[in-house]
Amino acid sequence: MEKNKRITNCKVVIIGGSAGSLQALLQILPFIEKPISFAVVIVVHRKNSDEQTLESLIALKSKIIVKEVEDKVKLESGFLYIAPSNYHLLFEKDGTLSLDTSEKVNYSRPSIDVSFESAAEIYSEHLVGILLSGSNSDGTIGLRAIQAAGGISVVQNPLSAEMPFMPNNAILHTVPDFVLKTEEILEFIKEINITDF
């Protein structure tokens with residue numbers, strides 16, 4: 001896997017997705033060994049009625065402890081956080097996460113763009129953004145913000161995505177640092193945890 005860009009001291013890996021992304025997440029998260037030296041944050045489009053179903057499923061499958069996201073919860077390395085339904089997830093300068101109920105972006109709340117842009121502002125070159133399967137354009141602008149801040153952008157290879165529109169859109173409108181199949185994304189995350197690269 002050619003490295004187009006280097007990251008040191010990764011603080012946050014933020015993963016966004018929509019339709020079809022759960023399948024990819026379940027091929028990635030259960031195989032990340034703990035301890036990890038960064039926080040993992042998941043932002044996926046989900047139904048308002050979903051409540052804690054996604055959290056329960058990922059907590060059951062993942063070795064990383066899932067921490068419940070509430071307004072002003074502290075973001076800590078070594079844990080996994082999942083944006084709750086019907087809230088935008090924002091990153092604050094004091095190291096906490098906050099929840100926002102402002103209007104939907106790309107017809108979505110949580111919006112991947114909103115969270116990616118917020119994370120880029122706070123974590124800049126210490127951030128990795130990963131965009132998975134989905135059926136709308138959410139995430140593309142956020143990936144651009146991550147790159148502009150010095151972070152690394154990763155897009156799921158559309159050929160391995162259940163719904164290729166979202167990764168295709170990102171590839172068309174940005175120049176991702178990496179375009180990776182699902183299993184390659186797993187190896188990429190493992191490598192971050194082993195070394196600064």
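The model is predicted: local features need pLDDT of at least 70 and side-chain atom pairs pLDDT 80 or more, whereas totals for chains, interfaces and linings use all residues. Residues are numbered from 1 along each chain as its sequence is written, and side-chain values use heavy atoms, without hydrogens and water.

**Helix 3 and helix 4**
- The axes (lines fitted to C-alpha atoms over the stretch in contact, with angles from 0 to 180 degrees between N-to-C directions) of helix 3 (residues 112–123) and helix 4 (residues 140–148) come within 7 Å and cross at roughly 10°.
- Helices here are DSSP runs of H or I with at least four residues, numbered from the N terminus.
- Helix 3 and helix 4 are therefore roughly parallel, a term for angles under 35 degrees.
- D113, F116, E117 and A120 of helix 3 are in contact (heavy atoms within 4.5 Å) with T140, I141, G142, L143, A145 and I146 of helix 4.

**Helix 4 and helix 5**
- Helix 4 packs against helix 5 (residues 165–173) at an angle of about 45°, the axes being 9 Å apart.
- On the helix 4 side T140, L143 and R144 take part, and they meet N169, A170 and H173 of helix 5.

**Largest pocket**
- A pocket is an open set of points on a 1 Å grid over the protein atoms alone, where a 1.4 Å probe fits, with protein on both sides within 12 Å along at least five of seven lines; lining residues have an atom within 4 Å of a point.
- Of the 13 residues lining the largest pocket, L22, V44, H45, R46 and L54 lie nearest its centre.
- Helix 1 (21–28) and helix 2 (53–61) each contribute at least two lining residues.

Definitions and conventions:
Parallel < 35°, antiparallel > 145°, perpendicular 65-115°, else oblique.
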